[in-house]
Amino acid sequence: MKFKIDLKIFLLIILFLCTNQIKIYGMMMLFAIIHELGHLIAGIILKMKPNQLKINPLGISIEFDIKNRDYNIKIQKANLLEIKKIIVALAGPLTNFIIILILRYINIFSEYDKLIMIYSNALLIVFNILPIYPLDGGRVLKSLIYIYKGKHLAEEYTYNISYIILILLTAISSVTVLWLKNISVFFIIIFLWGLQIKESIKYKNRKKLYELIKYET
């Protein structure tokens, strides 16, 4: 399995150190790892082989190898693979939700530490269920549209919805930064825009390829 690390993680560590929020960031990274273990376990149960693990500023991401037989088992306009992707994507936020439930009923931590841990997991759930690709919510959205509308419309709809949600989130976060005077929210938005721009380039390249193939046929 390949291993990569995004060097921007060190910039975010410096940011949280300067804003005295390094404990919250440390908790988030710890539970982000557990979150990703949820994805990993779900993928292994579904007989998907891990291919790449990448550490990024807001957690860890795992990619899986795709087996040809998953493409050949059809479900409406998609294939079995899309159902597996949905289950794997939901496994991460579900893991954080289970952690919150456990924390509510154990008393081995101080109330302050427990509050930070619950807050960190809640933040990871909210962050990951946003319908912005490639976050978990965006992956679920894309797979669901893929099943009912096919691959091309799935990519188009997911691309457009991701942009709309990110614009709204940017506007809301701008107000939040001014209200809470917490610049770390601003850097999270920048990170999301970086992901969106990267996916936008990939989408536009695929779209040109689709149009070329359609024109030639």
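I will begin with the overall layout and then turn to the aromatic rings.

What we have here is a predicted model, in which local features need pLDDT of at least 70 and side-chain atom pairs count only at pLDDT 80 or more, while totals for chains, interfaces and linings use all residues. Residues are numbered from 1 along each chain as its sequence is written, and side-chain values use heavy atoms, with hydrogens and water left out.

The protein has eight helices and five strands, where helices (H or I, at least four residues) and strands (E, at least two) are DSSP runs numbered from the N terminus. Following the sequence, their order is β-α-α-β-β-α-β-β-α-α-α-α-α.

Of its 217 residues, 41% count as buried, meaning under 20% relative accessible area, with exposed being over 50% and partly exposed in between, for a 1.4 Å probe and protein chains only. The accessible surface, computed by the Shrake-Rupley method with a 1.4 Å probe, comes to about 13200 Å², and 70% of that belongs to carbon and sulfur atoms. If we take the contacts (heavy atoms within 4.5 Å) with a separation of 6 or more, 66% of them are between residues 24 or more positions apart.

Now to the rings. Rings of Phe, Tyr and Trp (its six-membered ring) pair if their centres lie within 6.5 Å, and planes under 30 degrees apart count as stacked, over 60 as edge-to-face and the rest as tilted; by this rule there are three aromatic pairs. In one of them, the rings of Y159 and Y163 have centres 5.2 Å apart and planes at 85°, so this pair is edge-to-face. Both residues lie in helix α7, which covers residues 151-180, and they are four residues apart, about one turn of the helix. How accessible are Y159 and Y163? Y159 counts as buried at 16% relative accessibility, whereas Y163 counts as partly exposed at 23%.

Y163 also forms an aromatic pair with W193, and this one is tilted, at 5.7 Å centre to centre with 50° between the planes. That pair links distant parts of the chain, since Y163 is in helix α7 and W193 is in helix α8 (residues 184-216), 30 residues apart. W193 is itself partly exposed, with a relative accessible area of 23%. Together, Y159, Y163, W193 and Y203 form one aromatic cluster.
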